[in-house]
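Please open the structure in your viewer and keep the sequence beside it.

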2 protein chains.
Amino acid sequence: METIIVDTLGGDNPPVEIIQGGIKAAQSYNVKIVFSGDRRLIERQLEGVDGNFSIIHASQAITMDDSPVEAVRHKRESSLVLGVEALREGKADAFVSPANTGAIMAVSLLKLGRIFGIDRPGIATALPALTGRAVLIIDIGANVNCTPQNLKQFAVMGTVYCREILGVKNPKVGLLNIGAERGKGNKLAQGAFSLLEKLENFYGNIESHRILWGDVDVVVCDGFVGNVLLKALEGGSLATLDLLHKTIQRSFWGKIGSFLLRSSLRGFKQKISSSNWGGAPLLGVRDIVIIAHGNSDARAIKNAIGVALSSIKHGLVEKIERGIKKEIP
Amino acid sequence: METIIVDTLGGDNPPVEIIQGGIKAAQSYNVKIVFSGDRRLIERQLEGVDGNFSIIHASQAITMDDSPVEAVRHKRESSLVLGVEALREGKADAFVSPANTGAIMAVSLLKLGRIFGIDRPGIATALPALTGRAVLIIDIGANVNCTPQNLKQFAVMGTVYCREILGVKNPKVGLLNIGAERGKGNKLAQGAFSLLEKLENFYGNIESHRILWGDVDVVVCDGFVGNVLLKALEGGSLATLDLLHKTIQRSFWGKIGSFLLRSSLRGFKQKISSSNWGGAPLLGVRDIVIIAHGNSDARAIKNAIGVALSSIKHGLVEKIERGIKKEIP
């Protein structure tokens, strides 16, 4: 049975919500959950609950404001540091946390190390494309200053993840850029194009308005641009729903129409809800680390554990190692 | 009466569409339109039409694939080059073109020069925020590699434009970033923050999902990130409408609901249509240049001419000169 450590502190929601996510996962999948956090609180939540659980007691929590360095140096008794240490010691197969991204990255790099051939790990996230398939974006915030070489490594790791975990047979990789033609973009994009075109599955440049149409399966970019991209796609979508709602409420027939639409709209909102899309893997470290959204509810945590489980079963780390050896000898 | 040159070649649409936009503008505003392009074609369109028109004949067109250097060096008889030359010679007060952005930028820089104190001009575009007001984004693609100093100059120019042309009393400037706190972001964002915080109207960092909520009036970023941002907001919005449409069509009540909603939806689509939002000014050159979207229809061209007219009447170039002298002595 696989064992997954869940960091119950450091998210925006109270630990109880995270613990409920772990319980749901233990009941849905055949998996053992190790909660890192406040022992008493966790024990209270687990009372009378069936499932395979254990606890790593932690007396400190990483907050959203803690700098990565702070987290590593001064919070050695935090649920994040103790959880990652237990992972390194082989006490579990994966680690899931809704904490501060920078802190997870720093602690993972320090305690787990990088896969041979990877200079910087990247955070990947899957978005729902209109085709019904997922589009993987890497990096969405781990590395704000990148080299073309970093982007090539993201491309290889993203390809492996997309094929092995998302089940896409021949994933196409696109370079996020501001025009379709070769030669477009800033220095980083121009440099990355020359490296990426050596990959068999390189599609070429992809512009941000095409991403949700599913032209490519993997989108490669630096973490600054990737983070702006992700939040802009989300912002554009939410603003549209908001404006639509206001426009509709202004007319009589609009109100009746939206009343008739309410169940369709509910289905739609569920579809675009980030809690359906699970966690974002930190690719390139020598173990499986899944970053859940800071405001993850129980369902999002359960889904992030599902992503972790799938990554374990497919031997993700070994497959990335093999992919990197092949493409970046 | 103000005179505005309209480049009829180089857009995605046929020249006839652009010319119709110029005719509409001449009929709506008290303005003289000078068309640059194919004389015969323009004359045919103007036959029997009332209004104050003239023509600059051009035998070449800049295409979307022409590199900026190509445009400047080898297409001296193009509607773009001849139009900008006529502007420089004082034959008109502004120039409007739906051609290739890089080419417009290169020709304008070469022929018109920069405002004193501006290292690189920037392209600004106004988006509709949910508040009903506009949010100005600068730069959306003129400069893909920027310095913190460039971003400060964009902030000053954007503030002047927002106040004078968009009529916002005390425009707030936000720095596009991937977190709200000081110290977030890549080297460029960190460097720009230190310069921008000296401006009276600096709000701080703004994340991309907040932009359409109107937290700030001016968003400052480099042209690579700005272009990704703009297209992602658009893509997120359009994908949402598409997915919503498909979701609705799947249920019986959804179909009836959407039938009742059709006029509200039409109003909504008009609201977010880019043709309502006119052209994007190239700020920082020593004359008024308005870049219309490549796929501008007649209405979009008319609106871009409206933006040009308003810029002339408010003495935009002089006001930017004054703003720059004050902030960047």
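Contact here means heavy atoms within 4.5 Å. By that rule, 52 residues from chain A meet 52 residues from chain B. This is a predicted model, in which local features need pLDDT of at least 70 and side-chain atom pairs pLDDT 80 or more, while totals for chains, interfaces and linings use all residues. Residues are numbered from 1 along each chain as its sequence is written, chains are lettered from A in the order in which they are written, and side-chain values use heavy atoms, without hydrogens and water.

Select both chains. Between them they bury about 4,700 Å² (accessible area, 1.4 Å probe, lost on being put together and summed over both parts), and 73% of this lies on carbon and sulfur atoms. Next, select Ile178(A), Phe224(A) and Leu260(A), which lose the most area to chain B on their side.

Now display Lys231(B) and Glu207(A). They form a salt bridge (a side-chain nitrogen of Lys or Arg within 4 Å of a carboxyl oxygen of Asp or Glu); their closest N and O atoms are 2.4 Å apart.

Move to strand E11 (residues 288-291) of chain A; strands are DSSP runs (E) of at least two residues, numbered from the N terminus. Ile288(A) and Ile290(A) point one way, Val289(A) and Ile291(A) the other, and all are buried (under 20% relative accessible area, 1.4 Å probe, protein chains only).

How values were computed: Buried area is the accessible area (1.4 Å probe) that two parts lose on being put together, summed over both. Buried means under 20% relative accessible area, exposed over 50%, partly exposed in between (1.4 Å probe, protein chains only). Helices (H or I, at least four residues) and strands (E, at least two) are DSSP runs, numbered from the N terminus.
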